[in-house]
Structure formats: C-alpha cells, structure tokens
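Subject: Structure handover

Hello,

Here is the structure I promised to pass on. Please open it first, then read my notes below.

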Amino acid sequence: VRRQIETDIFVPLMERLHELLGDTIEAEERALQFKVRSARGLPQSFFGIPVDHISPSSWESAVFGLAAIATHTLPCDKLDALLAAAKEIPALYVREHPHCVSARGVVEKHLGADDFLPIFIYVLVNADIHELAYLNCVLTALCDPDKRLSETGYYVATFEAAVQHIKDIEL
C-alpha cells in the first residue's frame, strides 16, 4: 500500500518538492558536498575507526550498496537500500576480521553503536551520494512512522547523525 501511495503521490510531486527544498537547502548542500569531496580519500582512522576495525577493502561492498540509494526513486526503496547497506557493514566486518569468530562459527565480537557510526560516516563519504541534504530531508520526513520505531528508524537516525557529523567535520 505504501509503495502505491508513494508512486501515486510522491512521484508526481517530487520535482516540485525538489525545487522547493532546493532553494531552502542549497547552501547546506554546497557545504556538505565540499566536505564530502574533501574527506573522500582520507584514511579510515581519520573518521575514528580503530585500527583493529579497519577494513582491508575500505568497506567496498557497503559503499557500493549505499551508493545504490541514488538509483531508487521512491522513499521506501531508498530506505530499503539504506537498511541493506547498513547491514552490510557488520557482515563485512565479520568476513574481513575472522579473529572475531570462534571455531564454532559464533561471532565473538560485534560492532557496537560507537564502532558502527564512524564506519558508517566513512561509507557515506565514499558512497559519492549527490544531494545529501535533500536525501536526508526526504528520508527523515517520509519514513513510515511505524518504521521509525524499528531497525529502519535506527538507521535513519544514524544517517541523520552521519550527515550532521560531516557538516561539523574539521578538515
């Protein structure tokens, strides 16, 4: 039902919404893109990722997954892409850090929120998403209220925090 509503209402109005928001957030968008371009290519440690959590692949599969958010039109699909990319981070961590898995295949060391956020910020910076401020507005405003209290809501809040962190980054 939500997908149909977004198709019938959001799609016809999205260009107008983009115009209206564009005027309001244009300066913020330019500043964000400058920070993202400046931060891209910096080492993982710059973002606060501890040495024992650094990814040999530079979180490539998560970066690729988050970059795919731009290929979607509907907010519900963008949220699904965000969720998939966010879930890829701990999965990739386990694959790249086998010392965190016991001989029985049990994950011994999980990424906590304090470990996850710097990695997510790194992934977001390297995903080369254009119009981050606009995407942040769309995701936060159009996220299904029921999903706000779920895992999706947690990752939307993480996305908001990451965007805010990028705005505040000192380069």
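How many disulfides does a search of the whole structure find? The count is 0. A disulfide here is a pair of cysteine sulfur atoms within 2.5 Å. Cys76 is buried, at 10% relative accessible area. Cys137 is partly exposed, at 26%. Buried means under 20% relative accessible area, exposed means over 50%, and partly exposed lies in between (1.4 Å probe, protein chains only).

Some background before the rest. This is a predicted model, where local features need pLDDT of at least 70, side-chain atom pairs count only at pLDDT 80 or more, and totals for chains, interfaces and linings use all residues. Residues are numbered from 1 along each chain as its sequence is written, and side-chain values use heavy atoms, with hydrogens and water left out.

**Aromatic pairs**

The whole structure holds 6 aromatic pairs. Rings of Phe, Tyr and Trp (its six-membered ring) pair if their centres lie within 6.5 Å; planes under 30 degrees apart are stacked, over 60 edge-to-face, and the rest tilted.

One of the pairs is Phe47 with Tyr122. This pair is edge-to-face, with 5.3 Å centre to centre and 80° between the planes. What does the pair tie together? Phe47 sits in the loop between helix H1 (2-39) and helix H2 (60-67), and Tyr122 sits in helix H4 (residues 113-126), so parts 75 residues apart in sequence are tied together. Helices (H or I, at least four residues) are DSSP runs, numbered from the N terminus. Phe47 is buried at 7%. Tyr122 is buried at 7% too.

Phe116 and Phe120 form a stacked pair, because their ring centres are 5.8 Å apart and their planes are at 25°. They are 4 residues apart in helix H4, or about one helical turn. Phe116 is buried at 6%, and Phe120 is buried at 1%.

**A nonpolar surface patch**

Val1, Ile5, Ile9 and Leu13 make a nonpolar surface patch of about 430 Å². Patch residues have over 30% relative accessible area and no salt bridge; nonpolar side chains (Val, Leu, Ile, Met, Phe, Trp, Tyr) are joined within 5 Å, and like charges within 9 Å. A salt bridge is a side-chain nitrogen of Lys or Arg within 4 Å of a carboxyl oxygen of Asp or Glu. Accessible areas come from the Shrake-Rupley method with a 1.4 Å probe; for residues, only the protein chains shown count as cover. Ile5 lies in helix H1. Ile5 is partly exposed, at 45% relative accessibility.

Best wishes

Technical notes. Helix = DSSP H or I, 4+ residues; strand = E, 2+ residues; numbered from the N terminus.
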